Amino acid sequence: MNTIIRKCLILLLVLSALTSTLSFAATAANASLAPMLQKVLPTIVNIRAQIKITDLSTLNRIQKSQDNQDKENDGAVPDKYLSVGSGVIVNADKGYILTNAHVVNDAERVIVTLSDGHHYTAKTIGLDKASDIALLQIQAKNLSAISIGNSNELKVGDLVAAIGNPFGLNQTVTSGIVSALGRSTLGIENYENFIQIDASINPGNSGGALVNTQGQLIGINTAILAPNNGSVGIGFAIPSNMASSVMQQLIEYGNVRRGTLGIGAQDITPDLSSAFNLSTSKGAVVTQVMVNSPADKAGLHVGDIITAVNGTEIKNANDVVNAVGFIRVDSKAAISILRNNKSMTVNATLSDPKKREEANESQDPFLYGVSLKDFTLLSPIHGNIQGVLVVTVQEETNAWQADLRPGDVITAANQQTITSIADLQKVAANTKDDLLLHVLRGPGAIFVVVSKQN
């Protein structure tokens, strides 16, 4: 009896294994992206932007940013330049199309071609060079729009498809996997949090769609790392969540007005983690807090470990840049930190960087943007020097316009001897229109006049 039962069990296991194998083989044989692509392809468009060229430097700048043109020229400056790329319809009712900013930047005219061949002149709603996202709009009926997915749910190894118009070949689809997430510090954009893919993308794919197997938009194809401008399986896409965030601001305001926090931050290495007695290497340590910045006013300190911004986990310093960079001016940011291994939250209202500069200028119109250091030196030419060393001068400030430069040593202001920064600030505070500085520069000396308005 036991023998019969054992034989039956073995037979059932064999049949089960055979059935699973046949089922898998049938699935693999029938596996296809075609059903999904039938819905997605009508949402992908071809973009041709006509850009006016004023000089050779402008042409070279555009060719450097565009990935779809011959890099060589004979020295002649053409009147027009045709930028070719891709785009994806994200709102059928309003005709909104997402693409890359570098595809349509400085365009006089933008022509959008749908998958059915119809052409439309597009209006640029807005573009954001820092993230390389642009939003176009066309007036057309019966459009198809793609569904936007959550790029935060992506995992390395997920299957993806890249759709665009490489080398002008419309409606081209390539597939692959997500090779890496959170790629940054590549020097491609100001704000980088790229999805790296091995799906082949080439010149002309810029602004096209990266989709998952459900046909959802999870990225905007943007750049490749490859010799001779050809694909070798290393491509980058802007995450859909980042693109959506920029798009909403472009729709509402026509631009992205980023707030500033006013800090410097650093990745937490294993050595730093040990030195700060941390149990993790996630987060970013604050290395600098700028005077009169939102961070300063909120009470952030050097040495604080930022762990989250508005509830979004911070894994490294680049995460802080991205998290803060997409918070609009005058909005509040809840910053979770560890201070001496104790969790706490500080709230900062992000400000326009220009407002901080204006505030600094109003407090000290003559010396704002200038870094100074008390200075003493025994010189064989000038003798015993006691004054103020100019360390750095921010360009376009009043001091810069007056020709004050790093390395200068200020020894007098308004013909009063200066021996310290405090002396200089006191004289500047009592000056109405022009600040007369006596400056040692190398082996010589000059006078510099800094005015409130230059």
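Strand β4, residues 107-113, is joined to β5 by three bridges, and the two strands run antiparallel. They belong to a predicted model of a chain with eleven helices and 26 strands.

**The seven-stranded sheet**

- Strands β4 and β5 are part of an open sheet of seven strands, whose order is β5-β4-β1-β2-β3-β7-β6 and whose pairing is antiparallel.
- The edges of this sheet are formed by β5 (119-121) and β6 (123-128); each has a single partner strand, so one side of each is left without a neighbour in the sheet.
- On average, neighbouring strands of the sheet are turned by 30° against each other, when direction is ignored.
- Helix α5, residues 240-253, packs on the sheet and touches β2 (80-91), β3 (96-99), β6 and β7 (133-137).
- The direction of helix α5 makes about 50° with that of β7.

- Alanine 122 is located in the loop between β5 and β6.
- The relative accessible area of alanine 122 is 12%, and the residue is therefore counted as buried, the cut-off being under 20%.
- Leaving aside residues up to four places away in sequence, alanine 122 touches Val110, Val112, Leu136, Gln137 and Ile138.
- Alanine 122 and arginine 48 are separated by 74 residues in sequence, and their C-alpha atoms are 10.0 Å apart in space.

- Strand β9 (residues 159-164) and strand β10 (residues 172-183) run antiparallel and are joined by six bridges.
- Alanine 162 stands opposite threonine 174 in β10.
- Strand β10 also pairs with strand β11 (residues 194-197), in the antiparallel sense and over three bridges.
- The bridge partner of alanine 180 is glutamine 196, which is in β11.

**Helix α8**

- Helix α8 covers residues 317-325, and seven of its nine residues are buried, so the helix is largely enclosed by the rest of the structure.
- The buried residues of α8 are Ala317, Asn318, Asp319, Val320, Asn322, Val324 and Gly325.
- These buried residues pack against α5, β15 (263-267), β16 (284-289), β17 (305-309) and β18 (312-313).

- Leu225, Val232 and Ile234 make a nonpolar surface patch of about 240 Å².
- Leucine 225 is found in the loop between β13 (216-224) and β14 (235-239).
- With a relative accessibility of 43%, leucine 225 counts as partly exposed, because this class lies between the limits of 20% and 50%.

**The chain as a whole**

- The chain has 454 residues, of which 44% count as buried.
- Among the contacts in the chain with a separation of 6 or more, 59% are accounted for by residues 24 or more positions apart.
- The chain exposes about 23,500 Å², and carbon and sulfur atoms supply 51% of this area.

How values were computed:
Residues are numbered from 1 along each chain as its sequence is written. This is a predicted model: local features need pLDDT of at least 70, side-chain atom pairs count only at pLDDT 80 or more; totals for chains, interfaces and linings use all residues. Side-chain values use heavy atoms; hydrogens and water are left out. Patches are made of residues with over 30% relative accessible area and no salt bridge: like charges are joined within 9 Å, nonpolar side chains (Val, Leu, Ile, Met, Phe, Trp, Tyr) within 5 Å. Accessible areas come from the Shrake-Rupley method with a 1.4 Å probe; for residues, only the protein chains shown count as cover. A salt bridge is a side-chain nitrogen of Lys or Arg within 4 Å of a carboxyl oxygen of Asp or Glu. Helices (H or I, at least four residues) and strands (E, at least two) are DSSP runs, numbered from the N terminus. Buried means under 20% relative accessible area, exposed over 50%, partly exposed in between (1.4 Å probe, protein chains only). Two strands pair if DSSP finds at least two bridges between them. Axes are lines fitted to C-alpha atoms, for helices over the stretch in contact, and angles run from 0 to 180 degrees between N-to-C directions. Contact means heavy atoms within 4.5 Å.
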